[in-house]
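I opened the model today to look up a few helices and some single residues. My entries follow in the order I took them.

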Amino acid sequence: ISGRRAAEIMCIHRSSFRYRCVRDRSGPLRERLRELATEYPRYGYRMLTDKLRQEGRSDNHKRVYRVYREEKLQLPKRRRKRIRSAKRIPLAAPTRLNERWSMDFVHDALFDGTVFRVLTIVDDHSRESPGLLVSRSIPGEHVGRHLDRIAEERGLPDTIVVDNGPEFTGRALDEWAYRRGVRLHFIEPGKPVQNCFIESFNGKFREECLNEHWFTSLEDAKTT
């Protein structure tokens, strides 16, 4: 008898009658996506797709999104913190210059209340600052250009420790780090003690510089 008639007799849908099991060929992609999502828990599927392409994979972004959803990698804050802490490995103490830097932002205001930001950088081995960047707004692109200017004089580090601010987790700085061969190490959210070298530097910088000066303009803050 025909397939239609057989399906009617068995009381099943024709699509179920004709279904053939299709083997899931996304195993390697699933495994690597889970590893990247654990290492970069603040990244969405688009940033993870960029990471996969940097490794030479050609998976379509729609396929990555499907696997991303099936693996439930779009984590809430509570679950994301648990996964980050489970995989976090303490950093070893640096043994040479340019092995590891730390970066952060400090806020202050001019005499008229205009807020400006300072990008602070410190070499974790020597405790010296390669350079500061003062501006009212410092997006990821400006951070990369400032680091390139520093690199002309003393090179770049192997690793830069940063927090989870939008300037550091955005695509601009991630692409810059990939092109320069620099690894970005993100601390756990809400735990600045993991970035202790820059926190110590920021405290001294605020106490000995920002709190001791009254800036009349942005240029005054830059020259000071």
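Helices (H or I, at least four residues) and strands (E, at least two) are DSSP runs, numbered from the N terminus.

I note the ground rules. The model is predicted, so local features need pLDDT of at least 70 and side-chain atom pairs count only at pLDDT 80 or more, while totals for chains, interfaces and linings use all residues. Residues are numbered from 1 along each chain as its sequence is written, and side-chain values use heavy atoms, with hydrogens and water left out.

**Helix 3**

I checked the length of helix 3 (residues 27–39). Its 13 residues should span 18 Å at 1.5 Å a residue, and the end C-alpha atoms are 19 Å apart, which agrees. Next I looked for burial, where buried means under 20% relative accessible area, exposed over 50%, and partly exposed in between (1.4 Å probe, protein chains only). In helix 3, I find Leu29, Arg30, Leu33, Leu36 and Ala37 buried. They cover an arc of only 135° around the axis, which puts them on the same side of helix 3. I take the arc from the directions that run from the helix axis to the C-beta atoms. An α-helix has 3.6 residues a turn, so residues three or four places apart point the same way. The cover over the buried residues of helix 3 includes helix 4 and helix 5 (61–70), with contact meaning heavy atoms within 4.5 Å.

**Helix 4 and helix 9**

Which angle do the axes of helix 4 and helix 9 make where they cross? I read roughly 10° for helix 4 (residues 45–54) and helix 9 (residues 171–180), with the axes coming within 11 Å. Therefore helix 4 is roughly parallel to helix 9. Helix 4 brings Arg46, Met47, Asp50, Lys51 and Gln54 to the contact, and helix 9 brings Arg171, Asp174 and Tyr178. I sort these contact residues into two nonpolar, one polar and five charged. For the record, axes are lines fitted to C-alpha atoms, for helices over the stretch in contact, and angles run from 0 to 180 degrees between N-to-C directions. Under 35 degrees counts as roughly parallel, over 145 as roughly antiparallel, 65 to 115 as roughly perpendicular and the rest as oblique. Ala, Val, Leu, Ile, Met, Phe, Trp, Tyr, Cys and Pro count as nonpolar, Asp, Glu, Lys and Arg as charged, and the others, Gly among them, as polar.

**Helix 7**

I went on to helix 7 (residues 140–154). Its 15 residues reach 21 Å from first C-alpha to last, close to the 21 Å expected. Buried here are Gly140, Val143, Gly144, His146, Leu147 and Ile150. Down the axis of helix 7, these fall within an arc of 165°, so they line one face. Their packing partners include strand 1 (100–109), strand 2 (115–123) and helix 9. Just after helix 7, I see Gly155 with a positive phi of about 80°.

**Single residues**

Is Lys72 buried or exposed? I find Lys72 exposed, with a relative accessible area of 53%. Lys72 sits in the loop between helix 5 and helix 6 (77–87), and its phi is near 55°, positive in a residue other than glycine.

I looked at the loop between strand 2 and strand 3, which holds Arg127. Arg127 is not a glycine, yet its phi is positive, about 65°. Ser126 lies in that loop too and is partly exposed at 31% relative accessible area.

Last, I checked His185, in strand 5 (residues 183–186). His185 counts as buried at 9% relative accessibility. His185 and Asp163 are 22 residues apart in sequence and 8.3 Å apart in space, C-alpha to C-alpha.

Technical notes. Expected span 1.5 Å × (residues − 1).
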